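Please open the structure in a viewer and keep a selection tool at hand.

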Amino acid sequence: MYNNTYYLQYLIRLKQTTERYKKVTKKLFVKGALAVFVGGIIRNTIVNTESYDCDIEAYFISKTQLQKTLEKDFKILFVGISFGVFKICGYNIDIALPRKEKCTGNKHTDFDISIDCYNSYKKSAERRDFTINSIGYIREYDLILDPYNGINDINNKIIRPINVNNFIEDPLRFLRAIYFSNKLNFKFSYSMESVFNKYCDKIKFISYPRIGNEFEKILGVKNITNAFKYLSKINIHCFKFIRYIYKSNTYYIFLQHVNSVQSVELRLIIIYYYMEKLNIEQYYLDFMIKITTSIKVKNIKNYKHAC
């Protein structure tokens, strides 16, 4: 059971946060659809941090009806081929239909996806990564949907996978777990710790640009001490260098250097510096370069001078 005082606070915050989007949700509501706010906007509102974009799932409306309804009042963009998302220009809103996913391979594109606008919210939310990201909010009814007890996990500062079998279908989620753990200062649940230790090597199936994007987010967190603890467990070439550092006598000095700067670029330069200091093989450096193509590092040849 929720503490009623806290629950009321969450409702008040969610009402305020979603105020800017009420024109969109009211439009859908009039057409008989149900707009459910999902994902980061809900999590961030409950932990009381800012959200700059918004995800909505639209229930009880077909793809064609949704498009016609939105086009009457908004400029929209349709992106994605397999299931599709409507982006509303000027609002930073992504609107998607509830869907079912079935993994068919190791790539993030290897999914059979089907839209089901009458799917239950609980079933739809099951495909998400963590309980803290599974919370929904219906503005028109001022109602919070929390089928997997995400609010409890937020209050207890826990990162917990919703469904282990679904979770490991996209191995990039292991890096997202590290990112959220550090960003929010949350701990892994027993099930998260267990699935991480058992399956994190599946990251080897992920492309380097996707790994690089998540790694850049991890580097952008204020204190990344805990992140390197988990990255050192990942047994693929692009993160083996962290295992070397993690087991070395220079680890705490390394962390002091990294945590003392806020620049993602400078943090990356410090990592390169320690790789050379520990005589880590060239191919680790090569792999690092592959996964950090999205981070523009100037004068990388002079990275020694950063420390």
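Predicted model: local features only at pLDDT ≥ 70, side-chain atom pairs only at ≥ 80, totals over all residues.

In which loop is Asn185 found? Asn185 is found in the loop between α8 and β11 (187-188); helices (H or I, at least four residues) and strands (E, at least two) are DSSP runs, numbered from the N terminus. Residues are numbered from 1 along each chain as its sequence is written, and side-chain values use heavy atoms, with hydrogens and water left out.

Remain with Asn185. Its phi is near 60°, a positive value in a residue other than glycine. Most residues other than glycine have a negative phi. Asn185 is exposed, with a relative accessible area of 61%; here buried means under 20% relative accessible area, exposed over 50%, and partly exposed in between (1.4 Å probe, protein chains only).

Now select Asn92, which lies in the loop between β4 (85-88) and β5. Asn92 is not a glycine either, yet it has a positive phi of about 55°.

Select strand β2, residues 54-59. Five of its six residues are buried, so β2 is largely enclosed by the rest of the structure. Two strands pair if DSSP finds at least two bridges between them. Strand β1 (residues 34-38) is joined to β2 by five bridges, and the two run antiparallel. Strand β5 (residues 93-96) is joined to β2 by four bridges, and these two run parallel.

Which residue of β2 does Val36 stand opposite? Val36 faces Glu57, and Glu57 in turn stands opposite Ala96 in β5.

Side chains of opposite charge can pair when their charged atoms come close. A salt bridge is counted where a side-chain nitrogen of Lys or Arg is within 4 Å of a carboxyl oxygen of Asp or Glu, and by this rule there are 12 salt bridges.

Display the side chains of Arg139 and Glu19, which meet in a salt bridge with an N to O distance of 2.7 Å. Arg139 lies in the loop between β8 (136-138) and β9 (143-145) and Glu19 in the loop between α1 (4-17) and α2 (22-30), so the pair ties together parts that are 120 residues apart in sequence. Arg139 is buried, with a relative accessible area of 8%, whereas Glu19 is partly exposed at 35%.

Next, select Arg210 and Asp170, whose side chains form a salt bridge of 3.5 Å, N to O. This pair links distant parts of the chain, 40 residues apart: Arg210 is in helix α10 (residues 208-219), and Asp170 is in the loop between α7 (164-167) and α8 (172-184). Are these two residues buried or exposed? Both Arg210 and Asp170 are buried.

**Fourth stop: aromatic rings**

Rings of Phe, Tyr and Trp (its six-membered ring) pair if their centres lie within 6.5 Å; planes under 30 degrees apart count as stacked, over 60 as edge-to-face and the rest as tilted. The structure holds 23 aromatic pairs.

Select Phe78 and Phe86. Their ring centres are 5.0 Å apart and their planes are at 50°, so the pair is tilted. Phe78 counts as partly exposed at 39% relative accessibility, and Phe86 as buried at 2%.

Move on to Phe174 and Phe196, whose ring centres are 5.7 Å apart with planes at 80°, so the pair is edge-to-face. Phe174 lies in helix α8 and Phe196 in helix α9 (residues 190-199), so the pair ties together parts 22 residues apart in sequence. Phe174 is buried, at 0% relative accessibility, and Phe196 is likewise buried at 0%. Both belong to a cluster linked by ring pairs, which also includes Phe130, Phe167, Tyr179, Phe180, Phe188 and Tyr230.

**Last stop: helix α13**

Finally, select helix α13, residues 251-259. Its buried residues are Tyr251, Phe254, Leu255 and Val258. They cover an arc of only 100° around the axis, which puts them on the same side of α13; the arc is that of the directions from the helix axis to the C-beta atoms. On the other side of α13, Tyr252 and Gln256 are exposed.
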